Amino acid sequence: MDLDVFVSAHRAEWDRLEALLRRQRRLDGAEADELVTLYQRTATHLSLIQSSAPDPQLTGRLSQLVARARSAVTGTRRASWRDVTRFLTHGFPAAVYTSRRWWVPTALLSTAVAVLLGWWIGTHPEVQASIAAPSELRELTRPGGQYETYYSSHPAASFAAQVWTNNAWAAALCLILGVFLGLPVLWILFQNMLNLGVGFGLMSSAGRLDTFLGLVLPHGLLELTAVFVAAGTGLRLGWTLIDPGPRTRRTALAEEGRAAIGMAIGLALVLFVSGAIEGFVTPSGLPTWARITIGVIAEVAFLLYVYVLGGRAARAGETGDLDAAERSATVPTAA
């Protein structure tokens with residue numbers, strides 16, 4: 001492409017677009033239509049120049065023009081409570097629902113790993129001896145030992161806040177580090193399952209598995225589900241880097257990344273609930289069956305929320321990504 005000829009042919013359109021953007025008064029109908037048309041043409045011109053004859057100065061000018069024109073066309077939009085409601089009833093559950101093919105297998109495999117680790121530790125005294133001295137293990141697993149007093153070692157409110165912060169950070173790491181081909185996510189998952197397996201194995205070897213499950217299940221069902229969702233989403237993001245499908249790799253990562261950010265916000269709310277249960281319900285004086293029932297109710301409520309609301313929103317076309325009007329403008333790319 002001859003850049004000088006191209007500039008001569010279209011300079012008048014760019015100048016006209018800039019003149020319209022500088023207008024102080026409100027544009028009439030014809031001028032508004034002209035602004036939209038010139039915005040679309042200039043966006044296409046920018047794409048052609050970037051792909052065929054990149055010129056830093058001209059590209060900078062047209063990029064600025066396109067950005068200003070897009071702002072003028074779409075207007076400035078402020079978030080409202082309606083956006084929050086829509087995110088909670090459509091965007092977040094739909095994002096979790098559409099990623100279920102990743103986090104459900106992740107949950108099943110991770111749980112199996114934790115159980116196998118617990119069985120291995122619980123049935124092999126030499127493995128237990130490598131973890132800690134016999135006296136330390138007795139202190140951990142005895143009635144009133146560290147496994148039990150852990151949940152009541154701090155005031156409920158501060159303990160719940162600490163748990164929420166730690167779990168939200170772990171979930172955020174799974175979502176963020178997924179872009180590194182998902183490898184850090186697998187390590188984070190293994191660390192979580194190892195911790196769970198150690199507790200499972202040590203308490204079962206001491207004949208107190210029922211006590212352990214009574215302490216873990218009330219909050220652990222919802223907490224681990226949130227971690228599995230975050231891990232599955234992170235792995236999905238990593239796979240997108242390998243296989244973006246029909247989309248360009250840049251577009252695919254942008255779409256999946258935006259959905260992952262929304263997922264992080266939603267999962268922080270889910271983990272807030274599990275943290276409250278861990279801080280106030282798990283160490284409470286309620287019977288074991290009552291504490292577990294509360295945990296089961298929270299877990300079932302979340303799954304219904306995902307599969308009913310999320311499934312309905314996903315079938316309606318919701319993906320958890322931003323609305324088209326809120327995304328960065330995309331323009332045709334010359335072959």
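Helix axes here are lines fitted to C-alpha atoms over the stretch in contact, and angles between N-to-C directions run from 0 to 180 degrees. The model on screen is predicted.

**Stop 1: α4 against α12**

Select α4 and helix α12, residues 249-281. Their axes lie 10 Å apart and cross at about 105°. Angles of 65 to 115 degrees count as roughly perpendicular, so α4 is roughly perpendicular to α12.

Now show the side chains at this crossing. On the α4 side, pick Phe 87, Leu 88, Phe 92, Ala 95 and Val 96. Their partners in α12 are Gly 262, Met 263, Ile 265, Gly 266, Leu 267, Leu 269 and Val 270. Coloured by residue class, the contact of α4 with α12 shows 10 nonpolar residues, 2 polar ones and no charged ones. Gly counts as polar in this scheme.

**Stop 2: Arg 86 and Glu 318**

Stay on α4, which covers residues 81-98, and select Arg 86. The side chain of Arg 86 meets that of Glu 318 in a salt bridge, 3.1 Å from N to O. Glu 318 sits in the segment after α13 (288-315), so this pair ties together parts that are 232 residues apart in sequence.

Arg 86 is partly exposed, with a relative accessible area of 40%.

**Stop 3: Arg 142 and Glu 139**

Move to Arg 142 and Glu 139, whose side chains also form a salt bridge, at 3.1 Å from N to O. Arg 142 is partly exposed at 37% relative accessibility, and Glu 139 is partly exposed at 30%.

**Stop 4: the domains**

Zoom out and colour by domain. Domain 1 spans 3-74 and domain 2 spans 81-316. The C-alpha centres of the two domains are 49 Å apart.

**Stop 5: inside domain 1**

Select Glu 34 and Arg 16. The closest N and O atoms of this salt bridge are 2.9 Å apart. Arg 16 belongs to helix α1 (residues 3-22) and Glu 34 to helix α2 (residues 29-52), so the pair ties together parts that are 18 residues apart in sequence. Glu 34 counts as partly exposed at 28% relative accessibility, and Arg 16 is likewise partly exposed at 28%.

Finally, select Asp 15, Glu 18, Arg 22 and Arg 61, which are linked in a network of salt bridges. For a complete display, the structure holds 9 salt bridges.

Definitions and conventions
Residues are numbered from 1 along each chain as its sequence is written. This is a predicted model: local features need pLDDT of at least 70, side-chain atom pairs count only at pLDDT 80 or more; totals for chains, interfaces and linings use all residues. Side-chain values use heavy atoms; hydrogens and water are left out. Domain bounds come from an automatic or database domain assignment. A salt bridge is a side-chain nitrogen of Lys or Arg within 4 Å of a carboxyl oxygen of Asp or Glu. Helices (H or I, at least four residues) and strands (E, at least two) are DSSP runs, numbered from the N terminus. Buried means under 20% relative accessible area, exposed over 50%, partly exposed in between (1.4 Å probe, protein chains only). Angles under 35 degrees count as roughly parallel, over 145 as roughly antiparallel, 65 to 115 as roughly perpendicular and the rest as oblique. Contact means heavy atoms within 4.5 Å.
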